[in-house]
Amino acid sequence: MRWLTLYARSRQVPASLAAVVISAVAVWALVRDGGEGPGDPRLPVLILATGAMAASIGLSGQDLALDRTAAIRWVPRRAAHVLLIGAVVGTVLLTVQTMGEDMATTAFVVRDSAGLMGLVALGAALLGGQYAWTLPFTWLSFSFFAPPPTGVPMQVATWMLLPPGTAAGTWTALVLTVAGTAAYAVAGPRR
């Protein structure tokens, strides 16, 4: 159990968890009465993306050289860390929803938190832990300002905002989850 505590502290898990909870409550409180309505997916996506970006800081350790030379198997630990980020971010949004109106369905939250978690992990593998937040931020920014999706390429580009039963949104999130988790678990964060 001691290794788990040390791992959590070295990955800044307590600070990341606090940032995830505070950001979710702050976004919910700021737009609680001024939203576009219960069918608008932008608020839950903003909460999920903010949580994933806040948790991304823990995807790199204090010393990458030390991580790479450790006598433990990092692949399962990295994969578990990434999957745990997605689960925690989704759970925080579902918990915040209990304080008021439903902003999103459980299927929407699971799909988007998994896809954003994979995108953050891919960002860590490609850009390093300190810049892992840039991929979800860029994709979210594009999704917010993109024209309404009329074809499959645009549905893939705006997968975060699509209803949960949309095939393009589900497959995009699934591909991002698998690719991001695998890339981060095998390669770790970029130096």
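Biologist: What should I know about the model before we start?
Modeller: It is predicted, so local features need pLDDT of at least 70 and side-chain atom pairs count only at pLDDT 80 or more, while totals for chains, interfaces and linings use all residues. Residues are numbered from 1 along each chain as its sequence is written, and side-chain values use heavy atoms, leaving out hydrogens and water.

Biologist: How far apart are the end C-alpha atoms of H2?
Modeller: They are 25 Å apart, which agrees with the 26 Å that 18 residues (13-30) should span at 1.5 Å a residue; the expected span is 1.5 Å times one less than the number of residues. Helices are DSSP runs (H or I, at least four residues), numbered from the N terminus.

Biologist: Which residues of H2 are buried?
Modeller: Ser16, Val20, Ser23, Ala24, Val27 and Trp28. Buried means under 20% relative accessible area, exposed over 50%, partly exposed in between (1.4 Å probe, protein chains only).

Biologist: And which exposed residues are on the face turned away?
Modeller: Pro14, Ala15, Ile22 and Leu30.

Biologist: What covers the buried residues?
Modeller: The cover includes helix H3 (42-55) and helix H5 (74-97). Contact means heavy atoms within 4.5 Å.

Biologist: Which residues of H5 does H2 meet?
Modeller: Val88, Val89, Val92 and Val96 in H5 meet a set in H2 that includes Leu17 and Val21.

Biologist: New topic. Which residues does UniProt annotate as "transmembrane region"?
Modeller: The unreviewed entry lists several stretches, among them 12-31, 78-96 and 168-187. UniProt positions are in the numbering used here, feature names are shortened, and annotations may be inferred rather than shown by experiment.

Methods: Helices (H or I, at least four residues) and strands (E, at least two) are DSSP runs, numbered from the N terminus.
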